[in-house]
Amino acid sequence: MHTLPQTFCDTITHLHPHKGQKWLTDFPQLIRYCEERWRIDIHSHFPLSYHFVAPARKADGSELVVKLFVEPSELLHEQEALTALAGENTVKVVDSDAEKDILLLEKLSPGCPLSSLSTKEEAALIAAGLMKSLWRVPPHSDSTIETAVKREKQLQTCVETYPKGIDFLSSETLQHALAVFSELNRTSQQLF
């Protein structure tokens, strides 16, 4: 049985006021569906924030990661981005179920979260290098991959919603990130 942390449940109902509670109620059936459809055993989840993410094992012993979304558009954005990157410095999409908002991803090992590094500066340098390696022109004009301008607007909303900061990000860090985003978007020759 998969028990979800209360903080995760609160986040889901806060971010998705109209469908979050139903998603949480349907969660056990969604887990069973995944296990039956792909013949996998879903293990204890990773630390959760906005989506349910957990390692899984197939009968042949191979490992995967299951990611469950509440909002279908988030799945579509992520799937398109991961497919466009084709596993270059990212995980590969193994399978998906758009009707149930599920991504099945390859499991990468070893690895550690940036938050486990000794300094924020070290984490920021690694993140910046990875982001630079991932930069791409959208694969087509009707791409669902979010633009830098839209991401800036989302960050603005986050700053307004959490004026004291969120999780390990202080208000000052969020304000600085927004200023950098705004300046980069303002000075870009071409926005994607």
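This is a predicted model: local features need pLDDT of at least 70, side-chain atom pairs count only at pLDDT 80 or more; totals for chains, interfaces and linings use all residues.
**Entry 1: salt bridges**

I started with the charged cluster: Arg-37, Asp-95 and Asp-97 are linked in a network of salt bridges. My cut-off for a salt bridge is a side-chain nitrogen of Lys or Arg within 4 Å of a carboxyl oxygen of Asp or Glu. Residues are numbered from 1 along each chain as its sequence is written, and side-chain values use heavy atoms, with hydrogens and water left out.

How many salt bridges does the rule give? The count is eight.

I looked up Asp-97 with Arg-37 and found their side chains meeting at 2.7 Å, N to O. Asp-97 sits in strand S4 and Arg-37 in helix H2 (residues 20–38), so I am looking at distant parts of the chain, 60 residues apart. (Helices are DSSP runs of H or I with at least four residues, strands are runs of E with at least two, and both are numbered from the N terminus.)

Is Asp-97 buried or exposed? Asp-97 is buried, with a relative accessible area of 8%, whereas Arg-37 is partly exposed at 35%. I take buried as under 20% relative accessible area, exposed as over 50%, and partly exposed as in between, with a 1.4 Å probe and protein chains only.

Next I checked Lys-107 and Glu-63, which form a salt bridge with their closest N and O atoms 3.5 Å apart. Lys-107 lies in the loop between S5 and helix H4 (120–134) and Glu-63 in strand S3, so this pair ties together parts that are 44 residues apart in sequence. Lys-107 is partly exposed at 27%, and Glu-63 is partly exposed at 36%.

**Entry 2: Lys-67**

Lys-67 is found in strand S3 (residues 63–68). Where does its charge go? The side chains of Glu-78 and Lys-67 meet in a salt bridge of 2.8 Å, N to O. With Glu-78 in helix H3 and Lys-67 in strand S3, the pair ties together parts that are 11 residues apart in sequence.

I logged Lys-67 as buried because its relative accessibility is 13%. Glu-78, at 21%, counts as partly exposed.

For contacts I used heavy atoms within 4.5 Å. Leaving aside neighbours within four places in sequence, Lys-67 is in contact with residues including His-51, Phe-52, Asp-101 and Leu-103.

**Entry 3: the sheet**

Which order do the strands take? I read S1-S2-S3-S5-S4, an open sheet of five strands with antiparallel pairing. Strand S1 (40–42) and S4 stand at the edges with a single partner strand each, so one side of each is left without a neighbour in the sheet. Neighbouring strands are turned by 25° against each other on average, direction ignored. Axes here are lines fitted to C-alpha atoms, for helices over the stretch in contact, and angles run from 0 to 180 degrees between N-to-C directions.

Strands count as paired if DSSP finds at least two bridges between them. S3 and S5 pair in the antiparallel sense over five bridges, and four bridges join S4 (residues 93–97) to S5, also antiparallel. Leu-105 in S5 stands opposite Val-65 and is the bridge partner of Val-93. S4 and S5 form a hairpin with four residues between them, and Asp-101 in the turn has a positive phi of about 60°.

Is S5 mostly covered or open? S5 (residues 102–106) is mostly covered, with four of its five residues buried.

I also noted that Val-66 stands opposite Leu-104 in S5. Helix H3 (residues 72–85) packs on the sheet, touching S3, S4 and S5, and its direction makes about 30° with that of S5.

**Entry 4: Ser-96**

Ser-96 lies in strand S4 and is buried at 18% relative accessibility. Its side chain makes a polar contact of 2.9 Å with that of Gln-79. (Polar contact: N or O atoms within 3.5 Å; within protein, one must be able to donate a hydrogen and the other to accept it, and residues adjacent in sequence count only if both atoms are side-chain atoms.) Ser-96 is also in contact with Arg-37 and Trp-38, among others.

**Entry 5: cysteines**

How many disulfides are there? I got zero, taking a disulfide as a pair of cysteine sulfur atoms within 2.5 Å. The sulfur of Cys-34 is 17 Å from the closest cysteine sulfur, in Cys-9, which is too far for a bond. Cys-34 is buried at 0%, while Cys-158 is partly exposed at 22%.
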